[in-house]
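Here is a short report on how parts of this model meet. It covers domains, chains and a helix pair.

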Amino acid sequence: MSGRVPLARRNLLADRRRLGAGVVGVGLAVMLILLLDGMWAGLQGQATVYSQRSGADLYVLQPGVRDLTAGAGTLPPRTLDTVRSDPDVAWATPVRTAYVILQLHARKVAAYLVGSVPGERGGPWSMAAGRAPAADDEVTIDTVLGDRHGIGIGDRLEVMGRSLRVVGLSHSSGFMLSYAFVTHAALDQLTASPDKTSFVLVGTADPGAVAGRLSAQGLNVLGRDQVSANNLTFATGIFGSPLRLMVGIGLAAGTMIIALTAYTAIVERRREYGIVKAMGATRRRMVGLALAQTVTLAALGLVAGGVLFVAGRALINATRPQFAVVLTAGAAGRAVTAALVMALVAAVIPARRLAALEPAAAFRSAS
Amino acid sequence: MSRRVPLARRALFQDRRRAALAAGGVAAALLLVLMLQGIFDGAMGQVTAYLRSSPADVIVSQRDVRTMHMSVSALAPETVAGVQQVDGVAWAEGIRYTTTFLVAADGRQQLSYVIGYDPATGRGGPRRLSSGRVPGRGEIIVEEIAARRLGVRAGDSIGLLGGSYRISGLFRGGTTITNSVAFIGTEDFAARAGNSLAYVLVGAKSGVGSGELARRVADALPADTVQSKERFAAEEASLVKDMSADVMRIMSTIGLLIALAVIGLTLFSLTLAKLREHAVVKALGGRTRYLAAVVLAQAAWSVVLAVALAAVLAVAMAAAVGRVNPAIAVVITPASVLRTGVAALLIGAVGAVVPLRRVVAVDPASAFRRAS
Amino acid sequence: MSPVSVRQLTKTYGQGELAVAAVRHVDLDIAAGEVVLIMGPSGSGKTTLLLMLGAMLRPTSGSITVDGVDLAAAAERDLPPLRARHFGFIFQDFNLLSALDVVENVEVACNLAGVTGRAANERATALLTRLGLGARLRFRPDQISGGEKQRVAVARALANDPPVILADEPTANLDSAHGHEIARLLRQIATEDGRSVVIVSHDQRLKEIADRVLWLEDGEFRQLAAMATDPVCGMAVETGDGPHQELDGRTFWFCSTHCRDEFRAMPGRFTRGGENAHSITGG
């Protein structure tokens, strides 16, 4: 195609406003897809953040449970003793979790309460300010929660009827969920059920052997990576379908916008294209013209989408940081593929219009 | 009947392909908004399914606990007796409550709230079973969609809380994309997960309203939270609403912006293409007002068509999604279509601004210029 | 009183030294049922005059009275209804609305004049039938010929029953047969309906149907003693000082020396059955 006058591109670029509107429309669709992609990546990171950062090599879970999403339950009696008595176990500590609804500023905020033993692992892994809770009336919340609702160190937080004092802010946000750390005893009291826990964290230099031995004694033991993978499966199972749905719709919207812009550009200059045909352009050339337009639009839309995505991500980060939007290398590749697919599909209708043009259109006078 | 030639509509649909593409583009953008809203409305329906079918008028829970979803609640064991003393109470029953996994023989799992209740009265369980019977000892009733996901039927066994239970019956309603609901007898629950009382369901004597009864029970139990069933269900629904509010806002904004781009594009192209004809109409004596009305009518028609198309597609897509993944209940309500329609109309008005300015500026004398 | 009365109509563009007078102090009276043909070289101000007559351009000074209403003095917002009430327009490029079919194109003009619903439809149908388009009512403009398009345009011009018809180069895009047809129609409208028809055109054939032919040059009507037709290019030219050639006792007048030279080279080619000196009375 080298050396030819890029007729399609010139025509497309001639009408700035129409081009602008079309590119913005496609850009928004691309932005949507990138944002969803980014949220998906963020979700995956956050779904495994606790299991990866707790410090444990092994997890002893309730019978039949595969990940950390179940609430508190009953572990077999003397689980902790059994675990600690293993020669290769460096340390073991129980952790109790519960979902709670915090009523803040007339809004319901879902929080994930994590109760660990003070001084032992299982609490916040990265502090922004203050410390982990030591007493049963203390709580450490994540910075997202604190920023969003103006809660700082020293303030009080109402949790399940008890007033807890905020002693620390941690870097620990979950996807659409806020972490709050208390002592194990606090959670026992809040739920008035002292004999329960959710899982036991185990630190060991030889996880394989320890896991084997503990399982033989009837305990449900999983490695850290396995637990993370299961947590991830759970999270992606929930959000996967709606996300794919939204991406699909976004692709459809983008495709139609490209098609519409290219089609309008062609129809408005049909006399010129009729001239081109009259001058001997083949059908294939005409299809090529349509493709050239849609590909140009898709490319411009891709660039616009990238810019919009960066801006959108910044905005979301600033206003709603609990939606972690992560920029990944794969996302760019996926976006380019998406743009290409959109361009190809969108070319169909404009191509047919061009193919149907009569060269005689060049000679017809105005209506 | 004073019918005028529908110039707006004729021009809009003169090119079928273009009209279809424009309507499609806007509809896709609106579909985004409708489907998302539908997912959340569906979730709200499922989340409140148990409550809506419950015979209870009032529900007692631990202080500050207003929902069942994403909550833990613990009440003192004597709470039931305390409630029964209150004037106007016909019956009071406690239920146990926890979150755990139902595990099928092949390893498939379903996160589920498990409620321990008294099958003899049945008040704490689902109003109606779709098949089978209430659970005896060692038995469990499971929600239909959950059963399908687990690949189990009535008569099969599933594991939970460290034990194995036989499915005695199935019921419908309560499975969302995140979890389901299952019921076992109180004794079975206590044996595995402790006898801690979670919620107390209260029935009112005839003639006593749920709101009034709630007030009375609350007076009797100042340390606990007492809500009428309606209030409780509203809290559950608002949980979904609040959690989804941010996502909705982001997606709605993007969707409406896309719609704006398409509508603006369409109207502007159309107006530009017809500029000469607008000049002719002005020459023939058409007022600017008339032409402005034509542009606005085109905006309105575009929007109406797109909203209708989006609504139809949404309903179809909801049915398709429900078939592929029954746990995602998508409910498209007239209210959400209306809301989206109004937003789209506003978008249409904004999109008409630039074309309107062009049309207002058209000089009828330009109809005399030679066409190129 | 004549339906159209123009006094000292002037249109000047620009200011001071750069001022250009497109139309200067034109006086004109047009009677009901009269066909007036305004001719002249390009840039002579014909279109400007037509635009002012049709209340689409504000004169710099002077008055235009149509049916007793002074258009020049009317407020801007009153002009559209005045146009709808008093004028019918016929354009060189037909200017039909492409999204509407034939009958709707005429109906729209009825709507603009305040007639709607069935009454408009019936009126449009009647007009189109009168013009021989009864079989084309539901066709779109891109499905009918140029001659048919202009007839639709004529029907549209009559839709609001206007006392005055303004036509801008109505035959320019038509072939010979259709051009004649339109010319005849315009004559018919004037004579049978008693309307005033003002035509701006280069087309010589229209002289046959005109009651008066006016020559507009440099914004003024010329009182011409005589006009002739250039036998080479067919343009109307003044007799007087312009290029001319005597041949066999006849004087031929030309628009330019170029045409005269062509004539000289092959006179026989241009004198067979061609028109020559022709008298026209000035307005």
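## Contacts within and between chains

The C-alpha centres of domain 1 of chain B and domain 2 of chain B are 46 Å apart. This is a predicted model. The domain assignment of chain B places residues 7–47 + 238–368 in domain 1 and residues 76–223 in domain 2. Six residues of domain 1 of chain B and eight residues of domain 2 of chain B form the contact. On the domain 1 side there are five nonpolar residues, one polar and no charged.

Next, the contact of chain A with chain B. Chain A supplies 58 residues and chain B supplies 61 residues. The elements of chain A that give two or more residues to the side touching chain B are listed here.

| Element of chain A | Residues |
|---|---|
| Helix H2 | 16–47 |
| Strand E2 | 89–104 |
| Strand E3 | 107–116 |
| Helix H8 | 224–268 |
| Helix H12 | 348–356 |

H8(A) gives the most, with 18 residues. By class, the chain A side has 33 nonpolar, 14 polar and 11 charged residues.

Now chain C. How do helices H3 and H4 of chain C pack? Helix H3 (residues 102–112) and helix H4 (residues 117–130) of chain C pack at an angle of about 125°, and their axes are 8 Å apart. That angle makes H3(C) oblique to H4(C). Their crossing is right-handed. H3(C) contributes residues including C:Val102, C:Val106 and C:Cys110, while those from H4(C) include C:Ala124, C:Leu127 and C:Leu128. The contact of H3(C) with H4(C) has eight nonpolar, three polar and two charged residues.

Definitions and conventions
Residues are numbered from 1 along each chain as its sequence is written. Chains are lettered from A and ligands numbered from 1 in the order in which they are written. This is a predicted model: local features need pLDDT of at least 70, side-chain atom pairs count only at pLDDT 80 or more; totals for chains, interfaces and linings use all residues. Axes are lines fitted to C-alpha atoms, for helices over the stretch in contact, and angles run from 0 to 180 degrees between N-to-C directions. Helices (H or I, at least four residues) and strands (E, at least two) are DSSP runs, numbered from the N terminus. Angles under 35 degrees count as roughly parallel, over 145 as roughly antiparallel, 65 to 115 as roughly perpendicular and the rest as oblique. A crossing is left-handed if the near helix is turned anticlockwise from the far one by less than a right angle, and right-handed if clockwise. Two residues are in contact if their C-beta atoms, placed from the backbone, lie within 7 Å. Ala, Val, Leu, Ile, Met, Phe, Trp, Tyr, Cys and Pro count as nonpolar, Asp, Glu, Lys and Arg as charged, and the others, Gly among them, as polar. Domain bounds come from an automatic or database domain assignment.
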